[in-house]
Amino acid sequence: MRILLLFSIFVLIQPSASAQNNSTYSLIIVANTDDVHLTFTQREVRNLFMGRVSKIQLEPVALPPESPIRVLFNTKVVGLTEARIQSYWAQMRFSGRNRPPRELSDVEAVLRFIQQHKNTVAYLPAGIEIPQELTVIYRSN
Amino acid sequence: MKAPLPTNKETVLTHENQDIMLFKKRIKNLSNTLLALVFSNVLYQPVLARDFMDERVEFSGFARIVAGYLDEEAASFEGYDDNISLSEQSLLGLQADIHLTDTLTVATQLLAHSSEERKSGIEWLYLNYEPDQYWRIKAGKLRTPFLQYSDVLDVGFAYSWISPPQQLYSSYLFSNFDGLSVTHRNTFADLNIDIEAYWGTYDDSVFVGGDEVNIEVDEILGLIFQVQHDNLQVRAAYAESNEFFADFLGLEDLAVVLERAGFQQSADSLRFDGSANSYQVGVRYDDLDYFASAEWFRIEADLLVVPSVDGYYLTAGINLLPFQLHLTYASAAPEYAVSQNEIPRGIAPQLDQLALGYDQVIDSLPSDSLDSYTLGARWNMRANLAFKVEFTRLVGDRDARSFFDVADNAQFDRRANLYQVAVEWVF
């Protein structure tokens, strides 16, 4: 009986849990920009965070390497492993070509920072509540 | 033959050379003045500005500890022999980026190297001006960007190997120069395009086969074209070194004797006084599971004693988080221009001896022909720390030097295995 109960709870919970998982497994790219209709493609987002030329210059803000959101961003948007990205930035920095994005400790700190700084951009988990003055410029699948 | 004669460069200076020297000095002075100005500006900032110092001055660095062992008694390779050595490639680098304004930065890199064949000190020191995201201008002491990784050769963390293929990344290429570099970056369709042009001079010494050789290049010109499409990168580069002067292997001694005997053509053929061109093409592809890269390099020189060299490597790797496995095949084959011995034989014993001497020198010109097979693994322990192991099978040409420093010629078949382990760190 207890097993049955547990099972029914599990079945009942399952759909909502997977719905939640879906949103935690996707990302939004949020910018502090005057242009509320601004949208970026995946390639444009990648260019932005890899320090390449961008159609609109926005300062990218990143989460620390151990952050699961960052791993998700590397996998879904950049398409490179963290190790490769670290090597890339070592090459850029120590050849005097470019510097990696600013890193902030967690999602709250990132959100606060982009709220306070015009023309900044960051990746955040899709489920998160976004203040009105910020613009979602890209949604991952 | 071992001890090089003191070079009497001054006596062979033509007016043209003098003009170039003067120009070169002016450029050097100009960049020194610029840097002095910039530094004095930074030092005289009011005390209040200290609050912003953490934003304005960025310190970073890299370090590597590399141990290597060559299973060969009769020769050494890049300093490695049959004793485990930690001091061939271990190093520490410190970098300071001082942001003077939003667009102007002074960047410097100091290097402390454990190898006897590398100098410690300032690797580069330049002024960087980036008016917008499209343009970047650098002036000062810069890295020479001949190849894909040549400007980060000391930063082992930036690549998968412990030792990049010697056939291309050999130490005889000078690592920095004094001059100017202009880069334009842009996008076209779905491509990111970088075009860089650089110009400068070089006057320093490099180590070739354990000997310190003074090299002077009055003009280095280079052009780099780089295209990126998602995670595919293609790079093509051309470089030209003009008015090249090097005092190699004491060849000048013999050249002077030949010149006095009236054999100008033979004498000139031994002199490092001319130009050299290099061509490079490199490709790299990365995704979450695999990576592959290839690079080809060619040096052409109008000097008899500098061979034309063709070198390339092919690398394939697999990412097995947090590990990476990779395999590299590399090959290089140098080719000397055919020499013309103009010294007549059978006339006088002294002339016969001179002709013999000339032929011997030509025959003994080192040939670095080598195939290598490298199997390596990298463990990304932390975001800024990696541990690597590497095995390299070296297969050289029996009659050539093949990048080895040969101690016992009769005993050495130009085949050896190199084992290396390394810790790479960036901070």
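Of the 141 residues of chain A, 52% count as buried. The model is predicted. The accessible surface of chain A amounts to about 7400 Å², and carbon and sulfur atoms hold 56% of that area. Chain A contains five helices and five strands, arranged along the sequence in the pattern α-β-α-β-α-α-β-α-β-β. Among the contacts in chain A with a separation of 6 or more, 70% are accounted for by residues 24 or more positions apart.

The contact between the two chains draws on 29 residues from chain A and 43 residues from chain B. About 3100 Å² is buried between chain A and chain B, with carbon and sulfur atoms giving 47% of this area. Seven salt bridges are counted between chain A and chain B. One of the salt bridges joins A:R97 to B:D151, with a distance of 3.3 Å between the closest N and O atoms.

On the side of chain A that touches chain B, at least two residues each come from α2 (42-49), α3 (68-78) and α4 (82-94) of chain A. The most is given by α4(A), which supplies eight residues to the side of chain A that touches chain B. Divided by class, the side of chain A that touches chain B comprises 14 polar, eight charged and seven nonpolar residues.

B:V227 lies in strand β9 of chain B, which spans residues 211-229. The relative accessibility of B:V227 is 17%, and B:V227 therefore counts as buried, the cut-off for this class being under 20% relative accessible area. When residues up to four places away in sequence are not counted, B:V227 touches B:L191, B:N192 and B:I193, together with B:L232, B:Q233 and B:V234. One of these residues, B:N192, is 35 residues from B:V227 along the chain, while the C-alpha atoms of B:V227 and B:N192 are separated by 5.6 Å.

Technical notes: Residues numbered from 1 in each chain as written. Chains lettered and ligands numbered in written order. Predicted model: local features only at pLDDT ≥ 70, side-chain atom pairs only at ≥ 80, totals over all residues. Heavy atoms only, no water. Contact = heavy atoms within 4.5 Å. Buried area = accessible area lost by both parts, 1.4 Å probe. Salt bridge = Lys/Arg side-chain N within 4 Å of Asp/Glu carboxyl O. Helix = DSSP H or I, 4+ residues; strand = E, 2+ residues; numbered from the N terminus. Nonpolar A, V, L, I, M, F, W, Y, C, P; charged D, E, K, R; others polar. Buried < 20%, exposed > 50% of the residue type's maximum accessible area, 1.4 Å probe, protein only. Areas by Shrake-Rupley, 256 points an atom, 1.4 Å probe, with all protein chains shown as cover.
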